[in-house]
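Hi everyone, thanks for coming. Let me put the sequence and the model up on the screen, and then I'll walk you through it.

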Amino acid sequence: MTLNRRIFIRVSGLVAGLIAIVTWLACAFAVSHHRASTKDIFSAQLTVVSDRAERLMLLDDRVALKELLRGMVDDHDEVEYAFVERGGQPYIHTFESGVPRDLLTVPSESAGAPATHELERATGGRFTDMALQVGDERAGLHLGLSREAIDRQVLPQVLSIVALGAGAVLVGLALAGAATRLITREVDQTTNALRAEITERERTQQELARYRDQLEDLVEQRTSALAESQAKMRQSERLASIGTFAAGVAHEINNPLTSILMSARHALRSIEDRLNVETSLQEVIDEADRCGHIVKGLLLFAKHQPSEKEALNLNDVLYRAAGLVRGYGGRRNVSIETATDDRIASVVANSTEMEQVFVNVIKNAIDASDEGQAINVQSEQDGRSILIHVRDRGRGMAPEEEKHAFDPFFTTRAGEGGSGLGLSIVHGTVTEHGGTVGISTESGAGTVITITLPRSPDPASERIA
Ligand SMILES: Nc1ncnc2c1ncn2[C@@H]1O[C@H](COP(=O)(O)OP(=O)(O)OP(=O)(O)O)[C@@H](O)[C@H]1O
Ligand SMILES: [Mg+2]
């Protein structure tokens with residue numbers, strides 16, 4: 001059943017029910033009011049008739065009395081009978097076959113208003129017996145009012161009320177129909193609006209899901225494109241660094257090779273002159289040594305195999321490295337001061353490589369220092385990291401130098417035999433040990449090189465490959 005019909009049935013049922021109740025109450029009121037007013041009318045008439053009956057009884061004019069009573073019955077539909085009893089015996093009556101016994105026993109009222117008794121006929125139906133005493137004698141005047149006749153009189157009124165009620169029901173039904181349409185239209189409108197909203201939401205969600213998918217696809221595409229271009233970049237960087245590396249190698253090796261060539265030729269030309277040959281051969285040896293030094297550095301730099309590592313106390317390595325370069329510093333009148341923290345944890349590292357790292361860094365600090373200055377070498381622990389600081393108060397680095405300090409073959413000391421491989425080896429070695437190298441420098445004020453290495457995860461471990 002549709003919502004419209006359900007609402008209509010309920011509303012119209014309610015309206016019809018209410019109208020039916022009101023109609024029934026109105027009919028009941030009309031009937032009871034008519035009955036009461038009929039009784040009032042006949043009560044007044046009974047008083048008048050009783051006076052006349054009294055006079056006629058005094059005259060014993062039974063004919064006139066009968067006339068009087070018959071007139072009452074004939075003139076009024078609702079009057080069923082009229083009789084006068086005296087001492088419980090019928091005196092005059094309008095019954096065709098005598099006064100029924102039980103009516104003679106109905107008491108009559110003496111003072112004012114007549115006695116009223118609601119009785120039932122033996123043949124069915126109800127009637128009202130109104131009885132009033134006549135004079136001082138033990139006589140009573142009775143009038144029988146038929147309930148059916150009284151009710152018949154009010155029938156037109158009842159019918160009009162019922163008709164009104166029916167009309168009201170029809171109007172009510174029409175109103176219920178209109179109200180139902182109004183309500184359901186509003187409900188329909190709200191439902192439609194809700195449906196439209198739900199559809200819109202679903203559409204938006206689908207759209208969002210579509211956008212999300214597109215976005216995910218896009219991110220995926222961009223990520224793989226990025227990875228691809230990063231790989232390409234790494235490749236070209238590698239090629240570029242190989243190029244730089246090769247150029248550097250060629251440049252570095254070319255100089256001593258040229259010298260070797262020239263010295264060898266010179267020795268060949270002056271083979272007779274022993275001193276010249278000796279000097280030339282010494283130059284060949286020196287230059288070949290230089291080549292060897294460069295090749296050694298290159299091998300270290302290019303080495304990719306992880307070295308053997310063990311748990312080390314970096315303080316020990318620092319002292320050894322400082323000891324190795326102390327003489328180098330002494331020749332330049334630069335001292336090395338160490339301030340190590342004895343409580344630092346061990347690190348897992350290759351001892352020789354770490355020694356090489358510290359030697360390189362301390363040598364750089366000595367090279368940058370002026371005569372009479374001191375280098376500070378310090379160790380400390382910060383959480384899970386061991387930090388080594390090498391501080392000098394020398395010439396520092398210009399920003400451009402700092403930027404290229406780790407580049408292989410970058411050197412500002414080419415004239416003093418610098419190869420520019422020291423810091424790049426330091427960087428490669430420390431990175432391979434899982435650490436970092438930091439530079440804090442100011443041109444003219446000095447430099448601090450900080451090497452950070454992770455502390456050993458298990459201090460008890462002896463050798464780790
Ligand atoms: N402590 C420092 N103070 C100032 N400049 C420095 C310092 N350490 C390194 N540098 C700069 O970084 C450059 C590169 O250093 P690196 O150790 O790689 O090469 P090098 O010392 O020049 O040569 P090599 O170490 O091969 O003898 C140096 O030439 C220098 O200009
Ligand atoms: Mg160096």
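Let's begin with Ile-362, which, leaving aside neighbours within four places in sequence, is in contact with Ala-321, Ala-322, Val-325, Ile-336, Ile-375, Val-377 and Val-390. By contact I mean that the two C-beta atoms, placed from the backbone, lie within 7 Å.

A word on ground rules before we go further. This is a predicted model, where local features need pLDDT of at least 70, side-chain atom pairs count only at pLDDT 80 or more, and totals for chains, interfaces and linings use all residues. Residues are numbered from 1 along each chain as its sequence is written, while chains are lettered from A and ligands numbered from 1 in the order in which they are written.

Back to Ile-362: together with Leu-318, Phe-358, Val-361, Ile-375 and Val-390, Ile-362 touches the most other members of the largest nonpolar core, which has 36 residues. A nonpolar core here is a set of buried Ala, Val, Leu, Ile, Met, Phe, Trp, Tyr and Cys residues joined through C-beta atoms within 7 Å. Buried means 20 or more other C-beta atoms within 10 Å of the residue's own, exposed means 12 or fewer, and partly exposed is in between, with C-beta atoms placed from the backbone.

Which elements give two or more residues to this core? They are α6 (314-331), β8 (347-349), α7 (351-368), β9 (374-382), β10 (385-392), α9 (422-432) and β12 (446-454). The largest share, eight residues, comes from α7. Helices (H or I, at least four residues) and strands (E, at least two) are DSSP runs, numbered from the N terminus. There is also a second, separate core of 24 residues, including Phe-42 and Leu-46.

Now the ligand. Of the 23 residues around ligand 1, Asn-364, Ala-368, Thr-411, Gly-418 and Gly-422 come nearest; a residue counts as near if its C-beta atom, placed from the backbone, lies within 6 Å. Helix α7 turns up again, giving the largest share of this shell, four residues. Helices α7 and α9 each supply at least two.

As for α9, nine of its 11 residues are buried, so this helix is largely enclosed by the rest of the structure. Gly-422 is one of those buried residues, and so is His-427. After α9 comes Gly-434, with a positive phi near 80°.

Two other residues deserve a look for their phi. Most residues other than glycine have a negative phi. Asp-60, however, has a positive phi near 55°, and sits in the loop between α1 (3-59) and α2 (62-75). Asp-60 counts as exposed because it has 9 C-beta neighbours inside 10 Å. Asn-333 has a positive phi near 60° and is found in the loop between α6 and β7.

Zooming out, the chain is divided into domain 1 (1-229) and domain 2 (307-464), with bounds from an automatic or database domain assignment. Their centres, taken over C-alpha atoms, are 116 Å apart.

Finally, how far can we trust the model? The chain averages a pLDDT of 87, and 91% of the residues score at least 70; pLDDT is the predictor's confidence in each residue, from 0 to 100. Over residues 461-465 the pLDDT is below 50.
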